[in-house]
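Hi,

Here is the structure I promised to send over. Have a look at it first, and then read on for my notes on the inside of the fold.

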Amino acid sequence: MVLEALVHADPGDRDERQQDSGVVARRLGVTRMLVCASPEYLRRSGAPATPEDLQQHRCLGFVRESRVVPWRFRAESGALRFEPTGSLSVNDGDALKALAVNDGDALKALAVAGAGLAWVFDFIIAPELASGALVTVLDEFAVDERPIHALYQSPRHAIPRVRVFLDFASTLLEPALP
């Protein structure tokens with residue numbers, strides 16, 4: 001039995017595996033991407049007021065399929081896109097403009113440590129937001145919620161273990177933010 005979580009960017013973004021008649025998609029919840037940083041980073045560098053201000057900040061990127069995932073925002077003028085790029089210097093911390101990792105926990109740890117701003121799923125940083133270890137910025141520019149689905153190969157009726165796991169996973173993805 002294969003179980004895979006999938007986050008759709010928008011209703012038109014469908015995974016080809018869903019087209020197979022043997023694949024079942026169960027909606028587990030919704031998520032939003034948020035820009036966050038540690039209070040210490042924001043004291044030191046200030047908070048961006050608009051997505052355009054991100055050019056003046058250290059931005060922590062996430063790498064997927066050998067590419068840094070662009071940050072997406074909404075504004076009155078339409079959709080905005082920001083690509084965290086820049087130089088990385090091991091010897092001179094001031095030269096650090098962007099850093100990208102391919103692990104969500106590492107991205108969160110860097111943000112908590114004050115390394116810069118990160119664009120992450122709300123459910124990943126919910127405990128750090130609740131404790132004050134991270135603070136969100138640019139909330140008014142956040143893109144709309146995105147659905148999260150579990151895809152699994154299924155016989156006619158779901159195996160009880162899978163159903164129990166999916167019920168559990170959906171409780172983890174319940175809205176964690178007020």
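Let me begin with the cysteines. Cys36 has a relative accessibility of 1%, so it counts as buried, the cut-off being under 20%. Cys59 also comes out at 1% and therefore counts as buried as well. Before you go looking for a bridge: a search of the whole structure turns up zero disulfides. Do keep in mind that this is a predicted model.

Next, the aromatics. There are three aromatic pairs in the structure. One of them is Trp71 with Phe82, an edge-to-face pair with 5.5 Å centre to centre and 65° between the planes. Trp71 sits in strand E6 (residues 71–75) and Phe82 in strand E7 (residues 78–82), so the partners are eleven residues apart and the pair links distant parts of the chain. Both of these residues, Trp71 and Phe82, are buried.

Because Trp71 belongs to strand E6 and Trp119 to strand E9 (residues 117–121), the pair ties together parts that are 48 residues apart in sequence. As for burial, Trp71 has a relative accessible area of 1% and is buried; Trp119, at 8%, is buried too. Put together, Trp71, Phe82 and Trp119 make up one aromatic cluster.

Now for the nonpolar cores. The largest one has 16 residues, and Trp71 turns up again among those with the most contacts inside it, along with Val35, Leu54, Phe73, Leu117 and Leu138. Strand E3 (33–37), helix H1 (39–45), E6 and E9 each contribute at least two residues to this core. E3 gives the most, with three residues.

Leaving aside residues up to four places away in sequence, Leu54 touches Pro48, Cys59, Trp71, Phe73, Phe82, Leu117 and Leu138. That list includes one of the buried cysteines, Cys59, and two members of the aromatic cluster, Trp71 and Phe82.

Cheers

Terms used:
Residues are numbered from 1 along each chain as its sequence is written. This is a predicted model: local features need pLDDT of at least 70, side-chain atom pairs count only at pLDDT 80 or more; totals for chains, interfaces and linings use all residues. Side-chain values use heavy atoms; hydrogens and water are left out. A disulfide is a pair of cysteine sulfur atoms within 2.5 Å. Buried means under 20% relative accessible area, exposed over 50%, partly exposed in between (1.4 Å probe, protein chains only). Rings of Phe, Tyr and Trp (its six-membered ring) pair if their centres lie within 6.5 Å; planes under 30 degrees apart count as stacked, over 60 as edge-to-face and the rest as tilted. Helices (H or I, at least four residues) and strands (E, at least two) are DSSP runs, numbered from the N terminus. A nonpolar core is a set of buried Ala, Val, Leu, Ile, Met, Phe, Trp, Tyr and Cys residues joined through side-chain atoms within 4.5 Å. Contact means heavy atoms within 4.5 Å.
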